[in-house]
Amino acid sequence: MDTANIGSILSIAFAAIMLLCVAGAFLFGKLNAKFRCATIIAAAALAFLATLIFKANVATETVLNNLILVLQNSGETQFASIATQLSSVAETLLSVTGAALAPIIFLAFFIVFSVIAFVLSVIVWLFKAIVYSASEKKKKNGAITRLVTGAVSGLVVAFCLLVPIAAYGEIAAIALPELEANGVIEGNTEEINSTVASVNESLPVSIFKKAGGSLVVNSLTSIDIKDDTSVTKVQLSVETENIAKLYSHISSLSGKEISQYSEAEAEAITAIGDDLASSKLISKLAGELIYTATDAWQHGETFIGIEKPSLGETFDPVFDEIVNISHDDAKNVTYLGEDITTIAHLVSEFAKSGLFAKLDAEPSELLNTLTSDGVIEKIISELNHNARMKRLIPVVSNIGFKLIGDTIGIPETKVEVYDDMMSTVATKLNDTATLPEPERIETIADMITSATADAGMNIEETEARILAAGLSQYFEDDNMVTPEEVTQFFSEVSDAMSSEEGSSTEGIAYKTGAFVVKLNGNGSKKDAAGFAAKLLKQLHKTGAIENETERNRQIEDAIKSSPLFENIPEDVKESIQGNIIEKAQNADFTASASSLDNISALASSETATEKITSITMSDIKFDPDDYMNSSASAEDLTNTMVNVFKSASSIVNSLNGSEEDGADKLSSMTTGLGGILDALSSSDSYGKDKAHNLFAAVVTSSIVTDSTGLSKEDTFKIVEGTKDIENYTGLVGTMTQMGNVVSGMQNSKVNADDLVSLIKNLDKTTVALIDSLVTADTIEGFGIGAENSEDAAKLVHKLFSILADINDESTFENEANAVKHLLDLATSASDLGDANTAFGANGALSCTATEFLDYVYGSVAVRQTFEYSKSELGVNPFSVTLNAEDKDVLVNACDSFKASHANSEGFIQSVYAFFGL
């Protein structure tokens, strides 16, 4: 059939209906024509009312329950479960179904009522034929009345027949172009479109719409959208357009993995967001779905069998926050529309930038994507446009911190630090199970010292060895020790130390049967935790004894008489006890009282976290609540977040896959670190404290300790000494260069260029780093005698504090050369004397005595340091031993120097004092 003739067919049908109704009016007579017209009008009115009643009751709880029952009885339990879980969604969908069926239902009701009306008309006609007299039949036939009533009847019938035609024609005209334009409908659609257009443009439909038909259709197909406070009426025809658009855009995404999304998919996602935001119906349905889904996911449950989606470990916190925000906004159509639009735009940006394909990529690759082409700026800008989604900004920014933490090994929480400690102890206990007792205790003790130092809660060597002995006996019969069992041991020690029972040699009552210390037949295994606690308390009491001899005697008696060691084989007991006695007699128990507190704190993660000073991710990440309450400007907030990612990218890229070692790797890392710390420290939205926490986390990381040779104790000193730092760029530069200098000193040759770089970055705050790095122990490690190490450390500190005050860059090279020769002297001091010379081309200093004096005198910092050494430290702070030849050479050089330099007598005297001449 030619679709162009559809309009003509409708017109003919319309005319035929009119003729039939008029003919019927003449056929049934004047009285019955009026009655027939009235019943047809009544049938139409009743059909309209019945349809409205049907619509109002199609989405009731009763209908929904019956539907669920039917689904269950028919075996469709999954659909029944969905309808039960999503009752509000099901009710809304039933309302939509009622509105969509309303034109057909109306026509069906009209046909039924029309049949009833026809039967009534026949009855009236028969009644009239029997009752009326022949004289009445001869009256005027009322042709005009019959014509009018017939025409009105025809119009009503045609009107009712046109209701579904006009309604569905309009819906098709709206939906088809959208579906066709987006490729949902393929093939030859010209005939379908032509048919729809022909119907909608036909004379009957046009007349119908102008005669109020559109109002009737809209009334029948309207949908009530309810929320907590109001009811909004929407038209099915309008929502059809929205649904068609949404379906088209969703269809364009089907069959594609999210990692494959590109710009085309990004545009579709943005359009989906706009579709949802502009549609009250879809927003309502989406809101109910989102609320129910997010509520289930928040409680760790599935939603109609669907588990909470995962975007990978890095981005899961962002998705979790989206779930929380969406759950809060789901019942508010306006908020939800805004949220959906924001999320769609975010997804669009992810797709355009290729982020979806990088969710599980290496940190450097992910950060490169985020920081290229302004991606992170666009993400933050998009979030800033939504008052509720702004909460995601710090969560997104924490991705940058997480990637830094993952790269350099920053733990997530203090509980994680504690668990790592317990796990490390358990592993070491299992690894050493077959070692002989002396070696096992020594190994476990070193591990305890190291593991607790990593957490920033140091335990002294003596205590560590006593705990190691206790652990060795406590788990004597155990094959595989668990971290939980180690925790129980420390809990028993803590209980024993905090109770009167702790001073008894009797066993401590154990809390749980699982950890009861097993006694063998002759009682060879005692309460190791209780005895360890008692011995620790006894040793710390000796700290108050002033007489060293008496103190050492009591320490020895306490250790040798402790039942802790009575079960150790006799051939190794003396060795173990002797080692612990030596450590204890050299320990300052008064100064290390905090060590007992740390041991007690190991009882549980709750108590330990109060003592752990190791910085974790929870100490450096943004807190969303703090961020939302921040009074910082939007520009400051945005700049801070952007800077986090750019600096994180710099740090992670410098370390990722790097084959550099030592100071070079440290230099690569800290190059990017200084900028982020300075920016974050000055940001109102982050702050100085958190910036210093980040610095502390990096400085105490294994990368720094492994690269510089610093101990954990040293790095914690650095952290403590730089709390008031103002210039992180300078500080991390100083740290890198000082690491190079210390490395040079360890190799007995310092590089002058490293010193020049170091001097450039020195100021009153960064010089504190030197004080932390160069300690008496460090100096002693360079070969300077123990009796002089403290004075030598003071001298080095004085030297660099003077250098920090020098601002004339033209003098830096000269200062660096002088400092180099002084430090070379320090590192070679123990090797001088006898056949080893200090001066000359082959000497330790690679210069003559005269050149050395020129270097020192020409340097403000070194000359003043020599003067400080003479007045404050005394003679020979570096423990230098010059051989006879060197002494003569130096004395002659000093005499010549005095002769050629006026007023140099004081300087020469300081040189003599420095070398112990």
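Start with contacts, meaning heavy atoms within 4.5 Å. Of those in the chain with a separation of 6 or more, 74% join residues 24 or more positions apart.

This is a predicted model: local features need pLDDT of at least 70, side-chain atom pairs count only at pLDDT 80 or more, and totals for chains, interfaces and linings use all residues. Numbering runs from 1 along each chain as its sequence is written, and side-chain values use heavy atoms, with hydrogens and water left out.

Secondary structure next. We have 43 helices and two strands. These are DSSP runs, H or I of at least four residues for helices, E of at least two for strands, numbered from the N terminus.

The chain has 917 residues, and 49% are buried. Buried is under 20% relative accessible area, exposed is over 50%, and partly exposed is in between (1.4 Å probe, protein chains only).

Now the interior. A nonpolar core is a set of buried Ala, Val, Leu, Ile, Met, Phe, Trp, Tyr and Cys residues joined through side-chain atoms within 4.5 Å. The largest has 77 residues; Ile 379, Leu 694 and Phe 695 touch the most other members. Helix α17, residues 392–408, supplies the largest share, nine residues. A second, separate core holds 58 residues, including Phe 565 and Ala 608.

Back to Ile 379. Leaving out residues up to four places away in sequence, Ile 379 touches Leu 346, Glu 349, Phe 350, Leu 355, Leu 370 and Val 396.

Last, helix α5. Phe 118 sits in this helix. Is Phe 118 buried, partly exposed or exposed? Phe 118 is partly exposed, at 41% relative accessible area.
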